[in-house]
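Me: I would like to learn how to read some features of a structure. Please show me the case to work on.

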Amino acid sequence: MLRSLPWLAAFLAFAALSSPSAATTPKGRRADVPISDPASHVNLFIGTLGTGHGHVFPGVTLPHGMVKVGMDTDSPDNHAGYDSDPNFSATGFSQLHDDGTGGSVPLSLFKIWPFASCGDGDNNRFEVCPTDVNSRKVKRKVLADGTPDDVAEPGYFASNLSTDIRVELTATRRTALHRYTFPASASIPRLVVDVTNDGQQSNSLPTVHIDPDTARVTAGATFAASFGPGQFRAYTCVDFRGAGFDLGKPTEFGMYIGNSPIRGFVDSLQLYTGYRSELGALLGFAQDGDGTTTVVARVGVSFISSDKACQNAEEEIPDFDFEGVRSAARAEWNELLGRIQVGTEGVDEDIVELFYSSLYRTHISPADYTGENPLWESDEPYYDSFYCNWDTFRTLYPLMSLHDPENFARIVRGMINIQQHEGWLPECRGATAQQWIQGGSDGDPILGEFFVKFADYAAALNVSADALYAALLADAEHQPPDFNLQGRQADIYNALGYVPQDVVEPGGANTKQVSRTLEYAFGDFAIAQVARLLNRSADADKYTKRAGNFVNVWNPGVVAPDDDQVVGMMQPRFKNGTFGFTDPRHCSVNDPTSATCFLVNTNTDGFYESSPVVYSQFVPQDTAKLIELQGGPEKFIERLDFIFDKNYFDSTDEPSQQIPFMYHYANAPGRSTQRSRQVIAEFYNTTTNGLPGNDDSGAMGSYVAFYLAGLYPVPATRQYLLSSPYFPSIAFFNPVFNTTTTIRATNFAGNPPDGTGGTVFVRNVTIDGVPAPSSCFLEWDVFERGATVELVLTDDLDVPCAGALPPSLSTGGFGPL
């Protein structure tokens, strides 16, 4: 496998990114690193205010780490545990979270909780400690500006509780390290290991054991999946050590059930328990002299066994070195984030912060559970927390293509291995449990994205082309017994070319027929792209034809109720070929019925989480054909304007993501630039309320990063749509190619605050000094070989594409692969 350069060697090798004298970027090494510590530009609190529903995880993880250790609160929006509203109390510090999800609260497993005291004076007794989650919770200290006294940076989280206890967290891939500093008044520092309180209060079959000599706590329990019907079992192993002193044996220990600690019990078998009882371990320790006492808790996690959790902890953090683990985590983040470098002259710090924070969130999920798969044994990587592919296939993986192909390859290998053992590619998955599919078989464009970009390197990255293609064909051709959880409703889709509204099959819900048809068609396009690379010409033709199935749900006679000039919509269709009708306003802010189009069995209108108006624009494989269906370029531009002017564009939801860039296809790239910048100005910022909705496992983070980079991807192709970056320069280092591609705006003049106007529109483009084939998109080979792309900007909103329009199937396809 090709390896990336070590961070230090790379840093020493760099030559100035923003230097106007650098006409081309040297090949075979990275460009300069003007931002040597990009972690310092990451704001982990963006989108953490519960009322904003960003559900962002601000705790500690490594890039794609399994452990995500952080604070849990009693907020009703604690999907990632945390809420930056200081009115909510802390309830524990748990080891596993997801980022930016909806549905029920996922994970939040194995909370640790400190007590400075359990009562006043002589009543500070073990037996009166308020151990249940609602009795023990306390507020955080609050700073002068009204925010909670919390600190977060890549690799580190800290909070000062109102009990005068300071909590600090860091982590490795499968192990968390906690540091609790108790005040001098804490005569018996105590710690709870909460085994049963996950985010849904769903536990069953808990087991807990305390070693009274070493204070080691081992435990496990079964929990419910948060977005599906399944369950999973998880385990933990907790060890304690004094910081700078010998902690010794626990001075007191026992089990608790509910709010009742029982001194001296060492095993949950000693307890009378009921279904979903709250239980765990409580331990007290001796003070470190007369001053503050600092206790470090090492918490291993496993999905195999408590012994494996102990093994993980001992291997990854053998010496309890908190500062060493913290430093290593930050260095790992810096190496990864530093592969994309931005010039900062003339750029507000908030924009730099927004970019690196968004890039950071791209690498929280999916999570590397390698070695932690209880379902089968394999030497292949195992990744989880695909939550869900429907959210992430559009932008997250194309961003990984640009700078992190090694992790991308491991994720693809893991997906293929799941298909080999379960029959179909994973779609939505959490903690080893299958979860509900939101759209089509959206693992297909993820595998297509990887192979189209890295076919020549697949073997070196240990990705089998044959296994990848077999996994795609399994999705496309074989209907699973439950297409709510895996694969496609393939039989009838393949027979008719669409999913009909009036056919009920025993293998899944009769919902999302139109949106699934559109996504199946795009998946077929991705399969065609892979088939073409593998010289399977008959298959390539077959799936290219299927990629045109979107026309089968296009009803040219439907008129938008709020604009009679907007004619033609994607609509549900019956098995006999006639069309049903769904109000184009359905599931939008303009819907008179206020429908949500979520996963509801009675939702037979044909669409998921967005309106017919928005879904009528989702044909990334053939936007040229879509323009034809919608009446030509002028009508297409008018329709896009209608989507924005009438508020159909939904910044909180993924089906809208590509819409601002669609003006490119109608030869109006300046309008794409302005719309995308207006979206950033209106909906995204660096505050705790800086996201308009769920981060969706980094889907919104990667989306924002692309907009700020002046690019937008077409997955499973070798093209990126091109606009202007928010920076005078931006450079992408790709460790597999060992090359850097720099995009430089030669007359950068800053970013208009409201996204309107400015010298931000691309007039022409050169690549290594040669005029580019188009000013509207870049070919992948620019990033593969390493190049300098120079943009000349203008203030002319009506600037056209210089050269070719972005490709579509109906205008000749996407070029040589």
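Reply: Start with a cut-off: a residue is called buried when its relative accessible area is under 20%, and exposed when that area is over 50%. Bear in mind that this is a predicted model.

Me: What is the mean pLDDT of the protein chain?

Reply: pLDDT is the predictor's confidence in each residue, from 0 to 100. The mean for the protein chain is 95, and 96% of its residues reach 70 or more.

Me: How many disulfides does the structure hold, and what pattern do they follow?

Reply: A disulfide is assigned when two cysteine sulfur atoms lie within 2.5 Å. The structure holds 5 disulfides. With bonded cysteines counted along the chain, the pattern is 1-2, 3-4, 5-6, 7-8, 9-10.

Me: Where in the chain are Cys-237 and Cys-310?

Reply: Cys-237 and Cys-310 form a disulfide with a sulfur separation of 2.1 Å. This pair links distant parts of the chain: Cys-237 belongs to strand β11 (residues 231-242) and Cys-310 to helix α3 (residues 306-316), 73 residues apart. The torsion about their S-S bond is about 95°, so this disulfide is right-handed. Now apply the opening cut-off. Cys-310 has a relative accessible area of 5% and is therefore buried. For Cys-237 the value is 0%, so this cysteine is buried too.

Me: Is the disulfide of Cys-388 and Cys-428 left-handed or right-handed?

Reply: About the S-S bond of Cys-388 and Cys-428 the torsion is about -45°, so the disulfide is left-handed. Their sulfur atoms are 1.8 Å apart. The pair links distant parts of the chain, with Cys-388 in the loop between β18 (383-384) and α6 (389-392) and Cys-428 in the loop between α8 (405-422) and β19 (429-430), 40 residues apart. Cys-388 has 2% relative accessibility and counts as buried. Cys-428 also counts as buried, at 2%.

Me: How do I read a pair of strands, and how many bridges join β1 and β2?

Reply: In a regular strand the side chains alternate between the two faces of the sheet. Here, strand β1 (residues 70-73) pairs with β2 in the antiparallel sense over 4 bridges. Within this pairing, Met-71 stands opposite Phe-93 of β2. Strand β2 (residues 90-94) is mostly covered, with 5 of its 5 residues buried.

Me: Is Trp-113 buried or exposed, and what is in contact with this residue?

Reply: Trp-113 lies in strand β3. Its relative accessibility is 1%, so Trp-113 counts as buried. Beyond four places in sequence, its contacts include Ala-90, Thr-91, Gly-92 and Phe-93, and also Leu-161 and Val-192. A polar atom of the Trp-113 side chain lies 3.5 Å from the backbone oxygen of Arg-136. Trp-113 and Leu-282 are 169 residues apart along the chain, yet their C-alpha atoms are separated by 9.4 Å.

Me: What about helices: which residues of α10 are buried?

Reply: An α-helix has 3.6 residues a turn, so residues three or four places apart point the same way. In α10 the buried residues are Ala-467, Leu-468, Tyr-469, Ala-471, Leu-472, Ala-474, Asp-475 and Ala-476. Among the elements that cover them are α8, α9 (443-454), α11 (490-496), α12 (513-533) and α13 (537-547). Helix α10 (residues 465-477) has 13 residues and reaches 18 Å from its first C-alpha to its last, close to the 18 Å expected.

Me: And a residue in a loop: what does the side chain of Gln-571 reach?

Reply: Gln-571 is in the loop between β22 (563-570) and α14 (612-615). Its side chain reaches the backbone nitrogen of Thr-582 at 2.8 Å. Gln-571 has a relative accessible area of 0% and is therefore buried. Leaving aside neighbours within four places in sequence, its contacts include Val-514, Val-553, Asn-555, Phe-579, Phe-607 and Pro-612.

Definitions and conventions:
Residues are numbered from 1 along each chain as its sequence is written. This is a predicted model: local features need pLDDT of at least 70, side-chain atom pairs count only at pLDDT 80 or more; totals for chains, interfaces and linings use all residues. Side-chain values use heavy atoms; hydrogens and water are left out. Helices (H or I, at least four residues) and strands (E, at least two) are DSSP runs, numbered from the N terminus. Buried means under 20% relative accessible area, exposed over 50%, partly exposed in between (1.4 Å probe, protein chains only). A polar contact is a pair of N or O atoms within 3.5 Å; within protein, one must be able to donate a hydrogen and the other to accept it, and residues adjacent in sequence count only if both atoms are side-chain atoms. Contact means heavy atoms within 4.5 Å. Two strands pair if DSSP finds at least two bridges between them. The expected span of a helix is 1.5 Å times one less than its number of residues.
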